[in-house]
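Please look over the sequence and the structure first; the notes below then proceed by topic.

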Amino acid sequence: MKKLKFRAIGLVCATLFAGSAMAQQVTLRLHQFLPPQATIPAKAIIPWAQKVEKESGGKIKVQMFHAMQMGGSPAQLFDQAKDGVADITWTVLGYTPGRFMKTEVFELPFLTGLSAEDSSRALFEYVQKNAMDEFSSVKLLTVHTHGPGLIHTKQPVTGLESLRGMKIRGATRIVNNMLVKLGATPVGMPVPAVTEALSKGVLDGTTIPWEVGPSLKVHELVKHHTTFAGGNGLYVTTFALSMNKGAYDKLPADLKKVIDNNSGIETAAFFGRAMDEGDKTGRDIALKAGNKITELEPAEVQRWRRTASTVESDWVTEVAKKGIDGKKLASEARALIAKYNR
């Protein structure tokens, strides 16, 4: 009887211990809009998730939902993190126009350098100092940019005159305003829609960085790519990796530490490096396809700069109506970009 009692007690203890261990395990659902083979999912998001799982000792499981598998549109992803539809989301901030007005300063024409890693570090520090109120509804894990945006077209763009009248996809309202100033006809749409729009003739071209081109088959649908001489890219887009506050708050202290250790400026740099490597791959694929890359000479780039410069003054005027000092924020952004530019 004593042996049976000890066995019973041992079984109860083992059951309680197993239940306690299971209670420490948590599944976080991560939702984003690109296919898994695209640069950021393959080279940043999935490795990030695997690192979190490993450092948690298996207590955290990150369940991946690619290409909007949980439903909704890319523009809804930030709110999906806020509302708990997903636990973590990754998205383009400019997909919700007018919501991240302080952060979008980084999208201004010819503002950032040629390295996504550098501009991502600058963007993270900028947001920490100037724009955290725009992310108060979520647990912000990191922000980052892509590398220099460029123009990919069916017909060559060798100067401002050849761009005029072309229907060009723009990622955000700032980019679309820039396209208007440059003489193009902007067509706003999330990046997953670009392939079909190009193939059906809805677009004559698109603005994207090199890295996303292969996953969209852009090098097959257009044959011309226009880049810019000098130390600045045409534009960048800003992204956020955000977590639902409730999902974070429910974690025990040791698992919060794992999330915290995989957040911040180094995570921004990690995502930026993935973009930089993806740019090299995307450019090489376009060249192997026999496509033509035209780099506009400095004098022509200056024409584009002068023409697009009113985008910044438009933005400063607009944000002033919201009580935001746009000139000060643009100056702060430039200073941080210079700080991190190698």
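Two residues are said to touch, or to be in contact, when heavy atoms of theirs lie within 4.5 Å. The model described here is predicted. The chain has 342 residues, 53% of which count as buried, and it holds 15 helices and 11 strands.

**Overall form**
- Taken along the principal axes, the box filled by the C-alpha atoms is roughly 95 × 45 × 35 Å.
- Among contacts with a separation of 6 or more, 77% join residues 24 or more positions apart.

- In soluble globular proteins, nonpolar side chains tend to be buried together.
- The largest nonpolar core comprises 53 residues, and the members that touch the most others are Y126, F135, L163 and W304.
- Elements that each supply at least two residues of this core include α4 (116-130), β4 (139-145), α13 (298-308) and α15 (326-340).
- The largest share, six residues, is provided by α15.
- Leaving aside residues up to four places away in sequence, F135 touches F78, L93, F100, T103, V127, L140, V143 and A240.

Terms used: Residues numbered from 1 in each chain as written. Predicted model: local features only at pLDDT ≥ 70, side-chain atom pairs only at ≥ 80, totals over all residues. Heavy atoms only, no water. Helix = DSSP H or I, 4+ residues; strand = E, 2+ residues; numbered from the N terminus. Buried < 20%, exposed > 50% of the residue type's maximum accessible area, 1.4 Å probe, protein only. Core = buried A, V, L, I, M, F, W, Y, C linked by side-chain atoms within 4.5 Å.
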